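Subject: Handing over the structure

Dear colleague,

I am passing on the structure below, and after it you will find my notes on what was found. Please read them with the structure open beside you.

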Amino acid sequence: MKMIKTGIVGAAGYTGGELIRLLIHHPQVSLQWIHSNSQQGKPLEAVHPDLIGDSDLVFTQRVDTSGLDLVFLCLPHGEASPFLQQHSFRKETVIIDLSTDFRDESDDFVYGLPEVNAPRIKQAKRIANPGCFATGIQLALAPAVKEGWCSSSVHVTGITGSTGAGKKLSPTTHFSQRTQNVSVYKLFTHQHLKEINQTFGQLDPGFDGQVFFVPYRGNFARGIWVTAYFPYSGTEEAAKEVYARFYQTAAFTHVSQQDLDLKQVVNTNKCLLHLKKEAGQLVIYSAIDNLLKGASGQAVQNMNLAFGLDEKMGLQLKSVAF
Ligand SMILES: NC(=O)c1ccc[n+]([C@@H]2O[C@H](COP(=O)([O-])OP(=O)(O)OC[C@H]3O[C@@H](n4cnc5c(N)ncnc54)[C@H](OP(=O)(O)O)[C@@H]3O)[C@@H](O)[C@H]2O)c1
């Protein structure tokens, strides 16, 4: 098979850096250019020093659309849509957008959550990669929603590492604020609730439950930990069977029989789940790396599906673990 000619827009940021790292080692990808307005002319390692010695690529401001098979957009929310108005790509060029701009299924884009939408992703030329919290929460609850178990309210807490907020420094990513600290933001109003409710409505057309989501900023760099629970009258074993069946063919989402910790997934494209029944509630823990399964890893997974490749190609990464 011929190599997939690929470009990355917004390649100087965190998700862009992770994509470069994955794609320069991907056996079917030829990375043609890495775009940045602020870093143009600089060699890759000047911006992403972790990649020194891995590639001779130089940042460019030029977006060369000719002959391109695939482009990843790693732009802030609200910037991908105007970017596509200013730059036209051939309709055969696959576009994978990592922002929230096209996650509404009324757009031309297919929502890129492989565990739910793989058959549609395989046919898609426009893919909206899910949000990081949205990925952790949807994978925690999708089998339960499909069973109709979440018709009343679901309670969710989620804590994210500082890389979730992007590379640009802000008051809440400043070391002095973040270290030895925890804080809540966007209580019950996080922007990812929209895409979560959209998927849950597809899994269970009668879904009218409410997801009460408390997002936390954590004092670590990478990873997302989600705890979700709702009233449940069945047994723990029955719930585990439903989850095992739902994720039977999933390439990266696994139900663990043992307690989890976050480092099991950091630097991997995995989502690990663990279920418990306590006090009449089904409790689900879900752990992902926000920059991999929550962003760039899932984007490569979607690329593999859209180009008919092995879903795991270029993504079999070892966790930090200890
Ligand atoms: N970080 C995560 O864990 C995560 C997870 C899931 C989804 N996402 C989403 O992925 C997208 C990228 O996130 P990120 O964390 O990589 O952000 P980031 O580190 O802030 O990088 C964004 C990059 O976009 C470029 N940029 C900004 N405005 C632009 C414009 N108008 N035109 C062209 N380039 C522009 C900037 O590069 P230059 O100024 O150098 O050109 C910057 O390096 C966001 O929409 C984010 O919400 C992030």
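With 0% relative accessibility, Ser-296 counts as buried, a word used here for under 20% relative accessible area, where over 50% is exposed and anything in between is partly exposed (1.4 Å probe, protein chains only). Please keep in mind that this is a predicted model, in which local features need pLDDT of at least 70 and side-chain atom pairs count only at pLDDT 80 or more, while totals for chains, interfaces and linings use all residues. Residues are numbered from 1 along each chain as its sequence is written, and side-chain values use heavy atoms, with hydrogens and water left out.

Ser-296 belongs to helix α9, residues 292-306; helices (H or I, at least four residues) and strands (E, at least two) are DSSP runs, numbered from the N terminus. Its side chain reaches the backbone oxygen of Thr-15 at 2.8 Å. Leaving aside residues up to four places away in sequence, Ser-296 touches Thr-15, Glu-18, Leu-19, Leu-22, Leu-98 and Leu-291, where contact means heavy atoms within 4.5 Å.

Ile-20, found in helix α1, also counts as buried, at 0% relative accessibility.

Turning to the domains, the protein chain is divided into domain 1 (4-129 + 295-306) and domain 2 (132-288), with bounds that come from an automatic or database domain assignment. Their centres, taken over C-alpha atoms, are separated by 25 Å, and 20 residues of domain 1 are in contact with 23 residues of domain 2. The area buried between domain 1 and domain 2 is about 1,700 Å², of which carbon and sulfur atoms give 48%; buried area is the accessible area (1.4 Å probe) that two parts lose on being put together, summed over both. Of the area that domain 1 buries against domain 2, Tyr-14, Tyr-111 and Glu-115 supply 34%, more than any other three residues.

Across this interface of domain 1 and domain 2 the rule finds three salt bridges, each a side-chain nitrogen of Lys or Arg within 4 Å of a carboxyl oxygen of Asp or Glu. On the side of domain 1 that touches domain 2, the elements giving two or more residues are α1 (14-23), α4 (114-123) and α9.

Conventions. A polar contact is a pair of N or O atoms within 3.5 Å; within protein, one must be able to donate a hydrogen and the other to accept it, and residues adjacent in sequence count only if both atoms are side-chain atoms.
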